[in-house]
Amino acid sequence: GDIFLISWFHVIGSDRVGKWLSSLTALTGSADRPGDTLDAAELWVHQWVKDSASQSFMATWRHVASFEAGSASITAGLLEEGPVVSVKIKVLRGQEKWMTLVEISGDEDTRKTRLSEDELP
């Protein structure tokens, strides 16, 4: 299926560091065409997550929400485990109607600090 990808590019060395988020929402369908929504899709994040064995952060793709009624959102939970480098919408099956991507928004968690070079693998 199709993929929509958004990334942040704060870089340490060759690694993109990302942003700590407290919430993330993706919304499809517009005011003048409310039916232009995704029927079957997932919201994924490329996130730095602490590896239990090495205690350093490792980047991995994680499924965080599924679209229902044209939107997908997550607050806290998995987002608290590490900064997000990219957000991906993964379309699971084709659809005959149009889709309007209205918004992908996230609230940055300003209580957290950026990862340092020592924390990266």
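This is a predicted model: local features need pLDDT of at least 70, side-chain atom pairs count only at pLDDT 80 or more; totals for chains, interfaces and linings use all residues.

Biologist: Noted. And what percentage of the residues is buried?

Modeller: Of the 121 residues in the protein, 38% are buried.

Biologist: What box do the C-alpha atoms fill?

Modeller: Along the principal axes, roughly 50 × 25 × 25 Å.

Biologist: How many helices and strands are there?

Modeller: Zero helices and nine strands. Reading along the sequence gives β-β-β-β-β-β-β-β-β.

Biologist: Show me an example. Where is Leu43?

Modeller: Leu43 is in strand S5.

Biologist: Is Leu43 buried or exposed?

Modeller: Buried, because its relative accessible area is 0%, and the cut-off for buried is under 20%.

Biologist: And which residues is Leu43 in contact with, leaving aside neighbours within four places in sequence?

Modeller: Among them are Leu24, Ala26, Val64, Ala72 and Val87. Arg62, His63 and Lys88 are also on the list.

Biologist: What about Glu42, which strand is that in?

Modeller: Glu42 is found in strand S5, which covers residues 41-50. Glu42 counts as buried because its relative accessible area is 17%, under the 20% limit.

Biologist: Which side chain does the Glu42 side chain make a polar contact with?

Modeller: That of Trp44, at 2.9 Å. Not counting residues up to four places away in sequence, Glu42 also touches a set including His63, Phe67, Lys88 and Lys90.

Biologist: How far is the C-alpha of Glu42 from that of Ile3?

Modeller: They are separated by 9.8 Å, and the two residues are 39 apart along the chain.

Biologist: Lys88 keeps coming up. Which ring does its charged end sit over, 4.2 Å from the centre?

Modeller: That is the ring of Trp61. Lys88 also lies over the face of Trp44, at 5.5 Å from the ring centre.

Biologist: Switching to charges, then. How many salt bridges are there?

Modeller: The structure holds four. In general, side chains of opposite charge can pair when their charged atoms come close.

Biologist: Which residue does Glu81 meet in a salt bridge?

Modeller: Glu81 and Arg62 meet through their side chains at 3.0 Å, N to O. This pair links distant parts of the chain, with Glu81 in the loop between S7 and S8 and Arg62 in strand S6, 19 residues apart.

Biologist: How accessible are Glu81 and Arg62?

Modeller: Glu81 is partly exposed at 36% relative accessible area, whereas Arg62 is buried at 17%.

Biologist: Give me another bridge. What does Asp36 pair with?

Modeller: Asp36 pairs with Arg33, at 2.7 Å from N to O. Asp36 is buried, with a relative accessible area of 7%, while Arg33 is partly exposed at 45%.

Biologist: And Asp109, which partner does it meet?

Modeller: Arg111, through a salt bridge of 2.9 Å, N to O. Asp109 is buried at 6% relative accessible area, and Arg111 is exposed at 69%.

Biologist: Last topic: backbone. What is phi for Ala69?

Modeller: Ala69 has a positive phi of about 50 degrees, although it is not a glycine. Ala69 lies in the loop between strand S6 (57-66) and strand S7 (71-75). Ala69 counts as exposed because its relative accessibility is 84%, and the cut-off for exposed is over 50%.

Biologist: What about phi of Ala76?

Modeller: Positive too, near 60 degrees, and Ala76 is a residue other than glycine. Ala76 has its place in the loop between S7 and strand S8 (84-91), and counts as partly exposed at 27% relative accessibility.

Notes: Residues are numbered from 1 along each chain as its sequence is written. Side-chain values use heavy atoms; hydrogens and water are left out. A charge sits over a ring if NZ of Lys or CZ of Arg is within 6 Å of the ring centre and within 35 degrees of the ring normal. Helices (H or I, at least four residues) and strands (E, at least two) are DSSP runs, numbered from the N terminus. Buried means under 20% relative accessible area, exposed over 50%, partly exposed in between (1.4 Å probe, protein chains only). Contact means heavy atoms within 4.5 Å. A polar contact is a pair of N or O atoms within 3.5 Å; within protein, one must be able to donate a hydrogen and the other to accept it, and residues adjacent in sequence count only if both atoms are side-chain atoms.
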